[in-house]
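Biologist: Hi! I'm new to reading structures, could you walk me through this one?

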Amino acid sequence: MASHRRPKQPSRTRVTVLTTAAAAAVAFSAQAANAAPSEKPSKDEVKAKVDALYEQAEQATEKLDGAQEKQDKLQKEISTIQDNVARGQEELNKLRDGLGTMASAQYRTGGIDPSIQLFLSSNPDDYLDKASTMDQLSSQQVEALTKIQGKQRELAQERAEASSKLKDLSATRTELKKKKDEVKTKLAAAQKLLNTLTAKEKAALDAQQAQAANRSSSRVNLGSTGSASSRAAAAFAAAQSVLGSPYVYGASGPSSFDCSGLTSWAYAQAGVSIPRTSEAQASAGTRIYSESDLKVGDLVIFYGDYHHVGLYAGNGQVLHAPHTGAVVRYESIGNMTFEFGVRI
């Protein structure tokens, strides 16, 4: 006999879920159909993003310069210590040879002193304190043993110092690689953005930068402000001689520069040695907190972390190496966040 049971009805909960899902799908389809395609960023938007990436790259570049400077310094210090250790070992060997000669002489005249015999087979530190109680030791032998003990301690200290500096050097090299990779990543991202521009847009950006540089150059008037000193004037003249040189991260002349590379190179041409990084240069002289008190050749420090530096050029202008893709040029101080000047 056929079954006449009514088919099972779907639960109210299931109907609600299905209805809601269907409505959401319809709404999503409508949104997708009506959504406008993603718009290409404008030339000005690209420029703003690229400028931000260049600033981040410059921050990393100054850290990179600091790590490079530290590495160079450590390598020189380690080399000096290793030379000292080598010379000290030669002196120690001579002292031991001298003591051995005395021991040989004693042997020929009646036997080797027990304490000398002990020295020749072990470390003098273990028995030098006892030596003062041994009448057999001559004053000459005591003096030789004391020198040997002092030289051994000196060499141990120098070797420990070299070991510590070698560890520091290894850590510095790791930091150096990290900063190099960071700079490269920022610059690659900036280049990727620039590649989205058309040739016409790129040309317009280049023209815009050139016009700004020309306007700044025309405003430079050294006679109105004077130079901070004859050496500052010489440093500024050196920087002027490389106007148009490309910015290259980590470069310090003579044909390419980063910001602190330009300022340190310029002062070196004037016979003045200043630190390599902008952060260190911020403490290299007397700080000038008012723009109106700046004189030509003063360093000008920008941004709260001091990651950019230039040379004051007069009339509110700075001569600096701005960022990758730009050249050494004049620019208005107002285009960057002024912190203070530094008079070397």
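Biologist: First things first, what is the mean pLDDT of the protein?
Modeller: This is a predicted model, and its mean pLDDT is 81, with 75% of the residues reaching 70 or more.

Biologist: Which elements have the lowest and the highest mean pLDDT?
Modeller: The lowest is helix 1 (residues 12-34), with a mean of 44, and the highest is strand 2 (residues 299-302), with 98.

Biologist: Where does pLDDT stay under 50?
Modeller: One stretch is residues 1-7, where the model has 0 contacts beyond four places in sequence. Another is residues 12-37, which have 1 contact of that kind.

Biologist: OK, zooming out. How many helices and strands are there?
Modeller: There are 9 helices and 6 strands. Of the 344 residues in the protein, 36% are buried.

Biologist: What share of the contacts join residues at least 24 apart?
Modeller: Counting contacts between residues at least 6 apart in sequence, 69% join residues at least 24 apart.

Biologist: Can you show me an example? Which residues does R173 touch?
Modeller: R173 sits in helix 5 (residues 139-194). Setting aside residues up to four places away in sequence, R173 touches Q71 and Q75. R173 and K70 are also 103 residues apart in sequence, but their C-alpha atoms are 9.4 Å apart in space.

Biologist: Which residues does K151 contact?
Modeller: K151 is in helix 5 too. Leaving out neighbours within four places in sequence, K151 is in contact with G88, E91, L92 and L95. With E91, the side chains make a polar contact of 2.7 Å. K151 has 11% relative accessibility, so it counts as buried.

Biologist: New topic: how many salt bridges are in the whole structure?
Modeller: A search finds 13. The background idea is that side chains of opposite charge can pair when their charged atoms come close.

Biologist: Nice. What does E77 form a salt bridge with?
Modeller: With K165, and the closest N and O atoms are 2.9 Å apart. That pair links distant parts of the chain, since E77 is in helix 2 (residues 43-108) and K165 is in helix 5, 88 residues apart. E77 is partly exposed because its relative accessibility is 25%.

Biologist: And which residue does R276 meet in a salt bridge?
Modeller: R276 meets D258, at 3.3 Å from N to O. R276 is in the loop between helix 8 (259-269) and helix 9 (278-281), while D258 is in the loop between helix 7 (230-240) and helix 8. The two are 18 residues apart.

Biologist: Why do R276 and D258 count as buried?
Modeller: The cut-off is under 20% relative accessible area. R276 has 13%, so it counts as buried, and D258 has 0%, so it does too. There is also a network here: salt bridges that share partners join D65, D258 and R276.

Biologist: You mentioned helix 8. How many of its residues are buried?
Modeller: Helix 8 is mostly covered, with 9 of its 11 residues buried. Among them are C259, L262, W265 and Y267. After helix 8 comes G271, which has a positive phi near 80°.

Biologist: Last one, strand 2. What covers its faces, and which residues are on each side?
Modeller: I can tell you the sides: L299 and I301 are on one, V300 and F302 on the other, and all are buried, with both faces covered. As background, side chains in a regular strand alternate between the two faces of the sheet.

Biologist: Which strands does strand 2 pair with?
Modeller: Strand 2 pairs with strand 3 (residues 308-314) in the antiparallel sense over 4 bridges, and I301 has V309 as its bridge partner there. Strand 2 also runs antiparallel to strand 6 (residues 338-343), joined by 4 bridges, with F302 opposite F338.

Biologist: What about the hairpin of strand 2 and strand 3, how many residues lie between the strands?
Modeller: There are 5, and in that hairpin Y303 takes a positive phi near 70°.

Technical notes
Residues numbered from 1 in each chain as written. Heavy atoms only, no water. pLDDT = per-residue confidence, 0-100. Contact = heavy atoms within 4.5 Å. Salt bridge = Lys/Arg side-chain N within 4 Å of Asp/Glu carboxyl O. Buried < 20%, exposed > 50% of the residue type's maximum accessible area, 1.4 Å probe, protein only. Polar contact = N/O pair within 3.5 Å; in protein donor to acceptor, adjacent residues only side chain to side chain. Pairing = 2+ DSSP bridges.
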